[in-house]
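Work through the exercises below with the sequence and the model side by side. Try each task before reading its solution.

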Amino acid sequence: MNTLIAITGLGIFCLLFEILNLRKAIVPITILGLLGVLALNYCEFGAEQSYYNNMIAVSKFSTAFSSLFIVLTIFLVALSHNFYQNHPSKISDYVAIKVFLLAGAVAMVSFGNLAMFFLGIEILSIALYVLAASDRLNIKSNEAGMKYFLMGSFASGIILFGICLIYGAMGSFDISEIHESALSAELPIWFPIGLILMIIGMLFKVAAVPFHFWAPDVYEGSPALTTALMSTLAKVVAIATLFKLIAGMNVISSLENQDLLHTFQVIVVIISIASMSVGNIMALRQVNVKRMLAFSGISHAGFMLMTLLTVSASAGVLLYYTAAYALAGIAAFSVILYVCRDQDNEDITNFHGLGKTNPLLAAVLTASLLSMAGIPIFSGFFAKLFLFNQTIQAGYIGLVIVAVINSIISVGYYFKLIIAMYSKEANQERTGRPFLIYATAVVSIVLNIALGLFPSLVLDLLK
Amino acid sequence: MNVSTILIILLIGAFATYFSGDKLASKVALLFSLAALGCSIVLLNNYNAGENISVINSWITQPKISFALNADGLGLAMVLLTAALTPIIIFSSFGNDYKNAKAFYGLILFMAFAMTGTFLAADGLLYYIFWELALIPIYFIALIWGNGDAEERRKAVVKFFIYTLAGSLFMLTAFIYLYQKAGSFLIEDLYKVNLSACEQFWIFLAFFLAYAIKIPIIPFHTWQANVYQKAPTVGTMLLSGIMLKMGLYSVLRWQLPLAPIAAKEYIYIFIALGIAGVIYGSIVALRQKDLKKLLAYSSLAHVGLIAAGSYTLTLDGLRGAVMQMIAHGFVVVGLFFAAEVIFRRYETREIEEMGGIRTQSPKFTSMFLILVLASVALPSTFNFVGEFTVLYSLSQINIWFAILGGTTIILGAYYMLRMFQHVMLGETNSKTFADVTLNEGISFVVIIAVLLFFGFYPKPITDLITPSLENILQVINKN
């Protein structure tokens, strides 16, 4: 709770800086503030408490994921400094929006009430719509913002409808009350229907197949930093929230009572396989790196959805997977931001010869792509290992084999980029060594490798 | 001192090489690889004295994964092979200039680190990690420092990478499945698991995919010749000298003991695949015009025979296979180095453009001849000991296997000597051929000395490997 209040306060401060004419200091101060929030959040870890009639329920799950979101936001704010250099008058707005977005994200994993959940998702989404369209004079960015807004508000509507139906069935918005009454033998059919609508809405936010059509266009059109935010923070938030919804409302036992569990599992398996396969196969033929990472994100969503099959045991695995994926994503995007700073597109040709002109950033991008492809010793490998282990334990060996085949396919497009960096000749001069981009890239990849060397640190948090 | 010391030396060496700058890199790399060789010899002494040089530490609690390195005779023999070949390979490259040498030599040491780890790991997952790690450096070595057209090279290298990764991911699935049964990734726990014949079949198949691609066994060999040709010679030496031994070693260490019923059931099929590789490799080698490609196909024939020997599941077969692995490692490095020596002077790999080297360079000719003869397993060379033992064990299974496998010697003698004739003999070439330099000579002499010494006196190696091979056979035959 303190975390949420502190984040909101920090957001308001960011807006005040504009008035106080402290624009130059805004990025360092916000980073320091977020580090303070991180420390505050760390202090809350382990304490199970609820606030305001159980509107906010702080648990290990919520604090652990909040920490991940805060770390990601720190990286994203650090990258803002260079990205918005040409719009000095707007930087405080952009940073403030990111901080408010973080507030929405934290609310989404610490809700104790479906109303709070919806509030969180709206705070997050509206911030994202604004950021997607934030490059006002660029028609592509406008298109992305519009598309995302239309599709996103539609999804929000579906979620809201689902919440209403669940309220109709349960007579309460409160998660703990729903948790108890979900076990009663006679449940109206509205409960599973509402559940389906909510899951559909969340799958839309996660960008899982078949609700993924917005993702590539929006990713490509948005400013690169917003794409970074969407593909790391927003995706991780959405999947964590979906997981919390399913675990919190006791969906698995409830469906088991009504003989619907098998259907639920089949649907999850199908969506997971479809997301992995469609994402990977479509990614193979992309020339725009942002689009490619959008499709790669869709396939990773498929992997993460596998945790929904073993909800009771896999919170730690999900935390590990999301951390590994998001850290690799941040590292990759900081290199993309550097390379495509003065370009009007993000095609692979821009990366030609990066291995010669800038070996450090090329190595960082290589490492992050290897992590996403699941090569040891990077944490992406362990994430996949733990996930597969968990899933085989639950008896889904077929699903794991499909996932393995998909991992092989994914190597194809990740290596396309690596090859472009190392075996093609450079076609442009790259000057300048922006400190914050370098620092973000190196720190996030070091964190990624550290997670790979000591996986127990994160994996055992949610025991 | 325990076996992790070698790994630490090589890892530190890799980073030290990278940070020592382009000029010093090759020397620093040589120094660290020699240190690793010295360390492994000391460890061998300690092991023979009965000291415990294994390591076991818990690493990840859930799922239970340990940092376990176990050195038995077999593992140590392979570590010694790696440790001995790495300095030779690094030293052999001293005549070449590489762009960005610090990264190049750093990657070589890193690869040696990963391969040594593969030979030592006693935990399934740790083994898998080392196995995959070895792939990354060779990928970059072949991609960045390779020769020939960039576009073709890119295709060959990517194919190689995706092939090998695909195989190993199925192995990973098999390991995870085994973990569900055993509750631990430790090799001795995995050995104890009781699996039904059907489960064993699938496990065996998953492992087979990984190893058949790495070794390579027919029909998974299509990546090999192109990559050998396109990679820089150092990369080819690492691939053929050490890396493919990883696959053969893993057959003995992991595949056979983990799925013994399946191994016994399908023994004929897998021996036949190995033998098919022998015949196919030899026949294709006959028609090669490119020297490196010819050596690549001859290598395919030889490893086919080694694989067939491993699948016989007899002590002789396994022993012959391990000895032939070591012998082949040395001889193939020597042969590829000879090809590199010719390339340095003639700038070509086409056999037709060579010839008449003998009159200009008698020293090189005699050394090359010894290597060629060793490669066709002439008695008194180490290869003879290995290949003969394998053929003997094959004859115990079925005399036809031995006869067909024996074609490796007959056909091998034919294409190798024909190659020798075209390359070294004939009329004097108009291009001058300077005789071998001191550096080149040292590499050749070391390799030849090893081959001849163990050819006359293989006992140290048989003594070293036999107890651990007997242990493996015991596990295979327990049920």
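This is a predicted model: local features need pLDDT of at least 70, side-chain atom pairs count only at pLDDT 80 or more; totals for chains, interfaces and linings use all residues.

**Exercise 1. Overall build of chain A**

How many helices and how many strands does the secondary structure of chain A come to?

- Step 1. Count the elements: chain A has 20 helices and two strands.
- Step 2. Take the extents. The C-alpha trace of chain A spans about 70 × 55 × 40 Å along its principal axes.
- Step 3. Check burial: 59% of the 463 residues of chain A count as buried.
- Step 4. Look at contacts in chain A with a separation of 6 or more. Residues 24 or more positions apart account for 79% of them.

**Exercise 2. Placing Ile348(A)**

Find where Ile348(A) sits, and decide whether Ile348(A) is buried, partly exposed or exposed.

*Solution.* 
- Step 1. Locate the residue: Ile348(A) lies in the loop between α14 (315-339) and α15 (354-357) of chain A.
- Step 2. Count neighbours. Ile348(A) has 18 other C-beta atoms within 10 Å. Buried needs 20 or more, and exposed needs 12 or fewer. Ile348(A) is therefore partly exposed.
- Step 3. List contacts, leaving aside neighbours within four places in sequence. Ile348(A) touches Val287(A), Val289(A), Lys416(A), Leu417(A) and Ala420(A).
- Step 4. Compare sequence and space. Ser371(A) is 23 residues from Ile348(A) in sequence and 19 Å away, C-alpha to C-alpha.

**Exercise 3. Two domains in chain B**

Describe how domain 1 of chain B meets domain 2 of chain B.

*Solution.* 
- Step 1. The domain assignment of chain B gives domain 1 (1-178 + 223-242) and domain 2 (266-479).
- Step 2. Take the separation: the C-alpha centres of the two domains of chain B lie 22 Å apart.
- Step 3. Count the contact residues. In chain B, 23 residues of domain 1 are in contact with 30 residues of domain 2.
- Step 4. Name the elements. On the domain 1 side, α3 (73-92), α10 (224-230) and α11 (233-258) of chain B each give two or more residues. α3(B) gives the most, with ten residues.
- Step 5. Sort by class: this side of domain 1 of chain B has 13 nonpolar, nine polar and one charged residues.

**Exercise 4. Helix α9(B)**

What does α9(B) pack against?

*Solution.* 
- Step 1. Check the length. Helix α9 (residues 197-214) of chain B has 18 residues and reaches 25 Å from its first C-alpha to its last, close to the expected 26 Å.
- Step 2. Pick out buried residues of α9(B), including Phe204(B), Phe207(B), Phe208(B) and Tyr211(B).
- Step 3. Find their partners: the buried residues of α9(B) pack against α7 (150-182), α11 and α12 (260-265) of chain B.

Definitions and conventions
Residues are numbered from 1 along each chain as its sequence is written. Chains are lettered from A and ligands numbered from 1 in the order in which they are written. Helices (H or I, at least four residues) and strands (E, at least two) are DSSP runs, numbered from the N terminus. Two residues are in contact if their C-beta atoms, placed from the backbone, lie within 7 Å. Domain bounds come from an automatic or database domain assignment. Ala, Val, Leu, Ile, Met, Phe, Trp, Tyr, Cys and Pro count as nonpolar, Asp, Glu, Lys and Arg as charged, and the others, Gly among them, as polar. The expected span of a helix is 1.5 Å times one less than its number of residues.
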